[in-house]
Amino acid sequence: MRSATATIKRCSWVSVDDPLMLQYHDREWGVPVHDDRRHFEFLVLEGAQAGLSWTIVLKKREGYRRAFQGFDPEKVARFSVRRIEKLVLNTEIIRNRMKIEAAVRNARGFLKIQEEFGSFDSYCWRFVDGRPKLNRWETMRQIPATSPASDAFSKDLKGRGFSFVGSTVLYAHMQAVGMVNDHLVDCFRYREIRREWKTGFSAQRRVRRPSRL
C-alpha cells in the first residue's frame, strides 16, 4: 500500500511518511469550502499556525476541536475571561494567549459578518469573484505567499477588528478553502479539483438558469 501511495505524484511539500499531512493534502487542501463552520475552523487554525509549522497545528487539530466547541463561532464568541484562562493552560492546543484571545475576538467579528452578508462564505468568496482562481504552478518556488486578493481580504478583516489575519495567513486560508487551486500542475489533486469544480459550477449554472416561458 505504501509503495502505491508513494508513486502517486503530489505537491512536493507532502511527505508520505506523515499520515496527517498526507490526508490533509489528498482530501482537504484546495477543495472549495462553502460551510461557515469550516471557514471558522481554518481561520482559528491558521491564526494559531502563525510562526509555526502546519504539521504542529494538524497534530493539535482534534484538541482545538474540543477546546473550541467544534469550531462553533456562536459558542466561541461567548467565551469568558475565565474560559480563556483555562485555554491558556490547555496542553491540547497552542497555548499562546494572544492567539487564543484573537480567536474569541474574531468569532465575534465572524458573527457580525454573517449578519451583514448572510454568511461568511458569501463574504469571503467575493474576493475571488465567486470562483476559484486556477493557478498553474510547476514548482514550489512559483507559489506566492500573498496575492492582491489576500491583501484586500486581510485589510478588510483588520478593518472589522480581526487579528492574526495578515495577508500571508489569509492566502493560506484561500488555499485551504479552495479559493485558489495551488496544487502543482503535475499533482494528481490539481486535475481532480479542477474537474470537480467545473462540473459543480456547470450544474449550479443550469439550476440557476431561468426557464423560458
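This is a predicted model: local features need pLDDT of at least 70, side-chain atom pairs count only at pLDDT 80 or more; totals for chains, interfaces and linings use all residues.
Helix H11, which runs over residues 167–176, is largely enclosed by the rest of the structure, because eight of its ten residues are buried.

**Helix H11 and its surroundings**

- The buried residues of H11 are Ser167, Val169, Leu170, Tyr171, His173, Met174, Gln175 and Ala176.
- These buried residues pack against helix H2 (19–27), helix H3 (36–49), helix H10 (148–159) and strand E2, and E2 itself covers residues 180–181.
- Just after H11 comes Gly178, a residue that takes a positive phi of about 80 degrees.
- Gln175 lies in helix H11 and counts as buried because its relative accessibility, 12%, falls under the 20% limit.
- Leaving out residues up to four places away in sequence, Gln175 touches Trp29, Gly30, Ile143, Val180 and Asp182.

**The largest pocket**

- The largest pocket holds about 490 Å³ of space, and its lining is made up of 19 residues, of which Trp29, Gln49, Trp54, Ala172 and Gln175 lie nearest its centre.
- The elements that each give two or more residues to this lining are H2, H3, helix H4 (54–59) and H11.
- Which element gives the largest share of the lining of the largest pocket? That element is H11, which supplies six residues.
- By residue type, the lining of the largest pocket divides into 14 nonpolar residues, four polar residues and one charged residue.

**The largest nonpolar core**

- The largest nonpolar core has 59 residues, and those with the most contacts inside it are Tyr64, Phe68, Phe120, Phe153, Leu157 and Met179.
- Helix H8, residues 97–117, gives the most to this core, with seven residues.
- Phe153, one of the residues with the most contacts inside the core, touches Phe120, Tyr123, Cys124, Phe127, Leu170, His173, Met174 and Met179 when residues up to four places away in sequence are not counted.

**Asn181, a buried residue in strand E2**

- Asn181 lies in strand E2 and is buried, because its relative accessible area is 1% and the limit for a buried residue is under 20%.
- A polar atom of the side chain of Asn181 lies 3.2 Å from the backbone nitrogen of His183, and a polar atom of that side chain lies 3.5 Å from the backbone oxygen of Tyr190.
- Leaving aside neighbours within four places in sequence, Asn181 is in contact with Lys133, Leu134, Asn135, Tyr190, Ile193 and Arg194.

- Most residues other than glycine have a negative phi.
- Gln69 has a phi near 50 degrees, a positive value in a residue other than glycine, and Gln69 is found in the loop between helix H5 (61–67) and helix H6 (73–77).
- Phe71 lies in the loop between H5 and H6 as well, and its phi is near 60 degrees, again a positive value in a residue other than glycine.
- Is Phe71 buried or exposed? Phe71 is buried, with a relative accessible area of 1%, whereas Gln69 counts as partly exposed at 31% relative accessibility.

Technical notes
Residues are numbered from 1 along each chain as its sequence is written. Side-chain values use heavy atoms; hydrogens and water are left out. Helices (H or I, at least four residues) and strands (E, at least two) are DSSP runs, numbered from the N terminus. Buried means under 20% relative accessible area, exposed over 50%, partly exposed in between (1.4 Å probe, protein chains only). A polar contact is a pair of N or O atoms within 3.5 Å; within protein, one must be able to donate a hydrogen and the other to accept it, and residues adjacent in sequence count only if both atoms are side-chain atoms. Contact means heavy atoms within 4.5 Å. On a 1 Å grid over the protein atoms alone, a cavity is a set of points where a 1.4 Å probe fits but cannot get out, and a pocket is an open set with protein on both sides within 12 Å along at least five of seven lines; lining residues have an atom within 4 Å of a point. Grid points are joined across faces, edges and corners, and a volume is the space filled by probe spheres set on the points. Ala, Val, Leu, Ile, Met, Phe, Trp, Tyr, Cys and Pro count as nonpolar, Asp, Glu, Lys and Arg as charged, and the others, Gly among them, as polar. A nonpolar core is a set of buried Ala, Val, Leu, Ile, Met, Phe, Trp, Tyr and Cys residues joined through side-chain atoms within 4.5 Å.
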